[in-house]
Number of protein chains: 2
Amino acid sequence: MTNETEHSAVQRRNPLALPGNKEPSSSTSIAPERWLLRKVHEAVGEPPLRLRLWDGCTVGPESSDMMIELRDRGALYRLLRHPNLAFGDLHSSGRLRIHGELTRVIHVLIDSMNAQAHGTSPAWTGWFKRGRKLRVRKGANLTAARGNIHHHYDLGNDFYRLWLDRAAMQYTCAYFESPDYTLEQAQLAKLEHVCRKLRLQPGQTVIDAGCGWGGLARYMAKQYGVRVRAFNISHEQVAYAREAAREEGLEDRVEFIEEDFRNISGSCDRFVSVGMLEHVGPANYKALAGVVSRCLHADGLGLIHTIGRNRPAPLDAWIEKRIFPGGYVPSAGELMRLFEYTPFSVLDVENLRLHYAQTLDHWLERFRAHREEVARDYDEPFVRAWELYLAGSSATFRSGGLQLFQVVFAHPRNNQVPRVRKDLYHAPAAPSETP
Amino acid sequence: MTNETEHSAVQRRNPLALPGNKEPSSSTSIAPERWLLRKVHEAVGEPPLRLRLWDGCTVGPESSDMMIELRDRGALYRLLRHPNLAFGDLHSSGRLRIHGELTRVIHVLIDSMNAQAHGTSPAWTGWFKRGRKLRVRKGANLTAARGNIHHHYDLGNDFYRLWLDRAAMQYTCAYFESPDYTLEQAQLAKLEHVCRKLRLQPGQTVIDAGCGWGGLARYMAKQYGVRVRAFNISHEQVAYAREAAREEGLEDRVEFIEEDFRNISGSCDRFVSVGMLEHVGPANYKALAGVVSRCLHADGLGLIHTIGRNRPAPLDAWIEKRIFPGGYVPSAGELMRLFEYTPFSVLDVENLRLHYAQTLDHWLERFRAHREEVARDYDEPFVRAWELYLAGSSATFRSGGLQLFQVVFAHPRNNQVPRVRKDLYHAPAAPSETP
């Protein structure tokens, strides 16, 4: 325990190592800079928000209460060079300020860029799109994978506990079967929905690949009487998951294994992976397909829950660099091709896009309620980066730039597969009382 | 009407133009032929059925009540040269006889070949797999498309009426929401399930691409009060559909248009296509994607219902040559890539594979009940070809070689899309009484 506490304490520095704040430039903008500002506004499709330079020079509709402010000359030039990456970093360091409700401003900006991208766009506007494609997608090897996961998930359990749900510590899309569910209800409903899709039966064996803090594994064991082996390479998460299983008396039914998905051994009746694929990278899809093919019994069922897209595209450059190193979000087509490496048939795909937007809104609200606490433990740029990440993700889901796919699959010759889906809806998925 | 009747009468010849029956060879098989027979049995994975030559020489387990008999020497050599195509043609002409329940024999054969394909297969067994890939997949142009559709669908409405359901004349997968549904109930349940997935509201406009005999179009108009424009290039089907709409007093709400999907004009709130994509061919997916993108309103929903596969593969050579010229069955990945040509998000995919096996069993049973009638109108090889096609398709679905995907999609920025699917199951999909 001492070691773990020390480990957490060491982590409590801003792992983004962003450049600090800078005093606003005092000199007046020159005519070419004001011309560039207009061009930026045009390039993003002339959204109904204002852009302002450090000296108060502004473009965009006067009536708008939304504004993006560049607080120094260098910020303008950085934004021009690497729009996507700089937007995030400048916001984190406070050199770019967003006035108005953060999620809404980004949503308006994305919608405008999308409309621009689909309309007749002048050549100059390739600028922003290029900026979005800085990174080359790749799959992480075992060592890199540990580093990538450590970067994000070992920020400390205390950090995530501040703003995730108190019911099951879920850091994936919730399921608002009823729109007025609390976050706790919606996360329990997600677990229940996944269990129903897996048609769990007591005594079955389940492999949970990328188990987070173990909420799903413990829920399956407790509610459905299955035996779970759950894998994760985040040391902090595994420690938390084991402790929670001990407290709930589930040690005999749930085993948490600190191991990469590629090293999953044994076989199972059910294979489930919620929110891991985003970290796998397409170069490793074949390896993942091989693992599932090897592990899942011929009469088994599997479920993969992942963020997705409509069309292949690299991860947002800033998100990839600062938030999810090694991350990749597959298109629906790429996701289906993953299954072409397996013998499996896809039985069911459900897109829960708007559920993720709602989940992120809850997270952002709770994160903000603990703003001072996080700023004290880390620093202000870290808080601003996470606010942007949560708000930006919500806006991206809401604008259709990201999807959330739950895919159920089975062996092609398994004729005991569920023939209809109505059993998934026999009763509300969440308990009526928030736990 | 006179023209149509004449048209039907002209059709009533066997359009397959298969070689006629041949007298069994009288000479005794020679040693190399018996060796080849053993090799064929090995190549298909040594299934638990017997293969017999014209002179009674047999391989395979004595105890099996299933047997495939080659009735003359030429049949053996044809089978060796083009296994897949010859199997169908030889069966049609009676030179290859299948003893035992047709669907079961083919199922056993397919399962054995699949097991063989996944196991360690000796080089010689590439033989059968090659045979399955004779045809190059392509998309039909407008003229070829009419010819292809004419080949299959203009066999005569009377022919299909003999064995399709009497409720809605559906020549696509039914939905056995309850396994004891009659074919009529299951076809009405399919129509209802599709309508629910489309969340139809009175007054909405619907485009139905590839409408068959118009059963879905009339159901939507009658049960949901929508206005439908339904497209089809089969002259016979359109004539039938219009007449049925007149009889049901739906002329003001359903318009049947004899036109290729590429020439669909206008816009709609809902776009639906049930069982057309199989005839489109992958070279035309972009054109179809363009049509849907052009027609479907920004707040619309669409549904494509199609036979699919787990992995890309050409259509069975015999099916492509004799039954569905120009046909192509996409993999789940290819189907998703079709949507990558559109702006759309995939909301829901349901695989109804086993429902199609059950549908085909019903069709085969009814077809056989009218065996003599069909043989009189066409000829015996035609009847045998259709029996093989129906039984073989049932066996292929049951063995996991084919899938049935229903895909619901919408514009990515449409935030009014259904968030959950439980409304699809609010009541049984079929009326409790068979109509």
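User: Which residue of β10(B) does E350(A) stand opposite?

Analyst: This is a predicted model, in which local features need pLDDT of at least 70 and side-chain atom pairs count only at pLDDT 80 or more, while totals for chains, interfaces and linings use all residues. Residues are numbered from 1 along each chain as its sequence is written, and chains are lettered from A and ligands numbered from 1 in the order in which they are written. Strands are DSSP runs of E with at least two residues, and helices are runs of H or I with at least four, numbered from the N terminus. In β10(B), the residue opposite E350(A) is D348(B).

User: In which sense do β10(A) and β10 of chain B pair?

Analyst: Two strands pair if DSSP finds at least two bridges between them. Here β10(A) and β10 (residues 345–351) of chain B are joined over three bridges, and the sense is antiparallel.

User: Which element gives the most to the side of chain A that touches chain B?

Analyst: Residues are in contact if their C-beta atoms, placed from the backbone, lie within 7 Å, and the contact takes 34 residues from chain A and 34 residues from chain B. On the chain A side, α14 (332–340), β10 (345–351) and α15 (353–369) each supply at least two residues. With seven residues, the element that gives the most is β10(A).

User: How far apart do the C-alpha centres of domain 1 and domain 2 of chain A lie?

Analyst: The bounds, which come from an automatic or database domain assignment, are 31–131 for domain 1 and 142–425 for domain 2 of chain A. The distance between their C-alpha centres is 33 Å.

Note on methods. Contact = placed C-beta atoms within 7 Å.
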